[in-house]
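Reader: I would like to learn how to read aromatic pairs, charges over rings and a sheet in a model. Please give the general idea before each case.

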Amino acid sequence: MTKPPSSPDSNDSPAPALASRRAILTSAVAGALAPALLQGAPATAKPAARGTGFDVAIIGAGFAGLTAARELERYGHKVVILEARDRIGGRTHTEDFAGKASDLGGTWVHWAQAHIWAEITRYGIELEESAGYSADDIIYLDEQGQRFQGKASQLGMELYGAVQSVLGDARTLTPRPAEPFFDPAWIAQDKYSIAQKLDAPGISKAGKALADSMFSVLGAAPPKDISWIEIVRLYALSGADLMAMNDIVGRFKIKGGLRSLYEALRADCSAEIRLNTPIAKVIDSGNGVELRTLGGENIRVPAVI
């Protein structure tokens with residue numbers, strides 16, 4: 001899923017304070033998982049820890065947590081989900097605005113996103129196209145804030161040339177973008193911002209302004225704060241094709257908002273979901289896990305995700 005722009009959360013010298021892709025990717029896979037839980041046939045769960053009644057605790061009721069709960073239940077495990085917020089959905093959240101469902105976090109989906117697409121098709125979720133996605137009339141600003149208006153059909157080559165200058169090495173740098181550590185050569189390049197790459201000679205003024213606008217939307221931040229190598233990986237994931245990338249990151253939305261999907265996931269599992277339950281500490285004793293909530297409750301389970 002991709003998300004709309006929102007408040008955050010001159011040379012080729014390294015940019016300061018850019019988040020490391022390696023650190024982010026490493027932390028994403030370094031959580032306390034319980035791989036043995038999904039081994040064996042369904043309904044062969046080991047007994048729950050005495051006093052809790054749960055085999056597994058899952059921290060977070062986002063898509064990963066809800067999906068994990070559903071799959072664990074298929075194997076007979078009793079699951080509790082502990083969510084710090086007062087709602088499910090994690091980094092996706094749908095609200096009604098002016099009578100229309102509006103996504104405030106992750107928004108756009110595409111069949112190139114294999115995991116989310118599997119869930120969309122599983123539950124028969126409908127898509128809709130973003131209004132104005134294919135509009136020919138465009139307005140953009142240059143670095144000085146000067147406003148320009150033109151036709152996308154006439155300015156396409158200006159944008160394409162700038163994008164190729166910035167992202168043209170995507171296939172070489174990330175030969176398997178879905179497996180970033182298959183070839184870690186990209187790590188040495190994880191020090192440049194998009195703004196630095198846009199300062200390269202040979203990019204026209206119009207091309208730079210158009211590309212600046214596009215990258216700002218993709219990164220939900222000014223180009224000086226967007227990691228160049230992360231956009232390179234996104235481009236490679238899109239087949240190094242600008243039109244395909246635009247479709248993947250900004251064309252298709254779920255009808256009724258992402259809540260159509262996360263509510264379908266919730267309805268498909270019977271796990272107990274405890275909202276407003278932030279976790280303060282996770283203690284692995286080697287013989288089970290103890291979770292301490294900010295409210296002072298201690299929860300002991302054999303395994304935690």
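Reader: How many aromatic pairs does a search of the whole structure find?

Author: A pair of aromatic rings is described by the distance of the centres and the angle of the planes. Rings of Phe, Tyr and Trp (its six-membered ring) pair if their centres lie within 6.5 Å; planes under 30 degrees apart are stacked, over 60 edge-to-face, and the rest tilted. Searching the whole structure gives six such pairs. One of them is Trp111 with Phe252, a tilted pair with 5.1 Å between centres and 45° between planes. This is a predicted model, where local features need pLDDT of at least 70 and side-chain atom pairs count only at pLDDT 80 or more, while totals for chains, interfaces and linings use all residues. Residues are numbered from 1 along each chain as its sequence is written, and side-chain values use heavy atoms, with hydrogens and water left out.

Reader: Which parts of the chain does the pair of Trp111 and Phe252 link?

Author: Helices (H or I, at least four residues) and strands (E, at least two) are DSSP runs, numbered from the N terminus. Trp111 lies in the loop between strand E5 (108-109) and helix H3 (114-122), and Phe252 in strand E9 (residues 252-254), 141 residues apart. Trp111, Trp117 and Phe252 make up one aromatic cluster.

Reader: Is Phe252 buried or exposed?

Author: Buried means under 20% relative accessible area, exposed over 50%, and partly exposed in between (1.4 Å probe, protein chains only). Phe252 has 10% relative accessibility and is therefore buried; Trp111, at 45%, is partly exposed.

Reader: Why is the pair of Tyr192 and Trp228 edge-to-face?

Author: Because the planes of Tyr192 and Trp228 are at 70°, with the ring centres 6.3 Å apart. Tyr192 is in the loop between helix H5 (170-173) and helix H6 (194-198), and Trp228 is in helix H8 (residues 228-237). Tyr192 is buried at 12% relative accessibility, as is Trp228 at 5%.

Reader: Which charged end sits over the ring of Tyr192?

Author: A charge sits over a ring if NZ of Lys or CZ of Arg is within 6 Å of the ring centre and within 35 degrees of the ring normal. For Tyr192 the charge belongs to Lys197, 4.4 Å from the ring centre. Arg176 lies over the face of Phe182, 3.7 Å from the ring centre.

Reader: What is the order of the open sheet of three strands?

Author: Two strands pair if DSSP finds at least two bridges between them. The order is E11-E12-E13, with antiparallel pairing. Strand E12 (residues 289-293) and E13 share four bridges.
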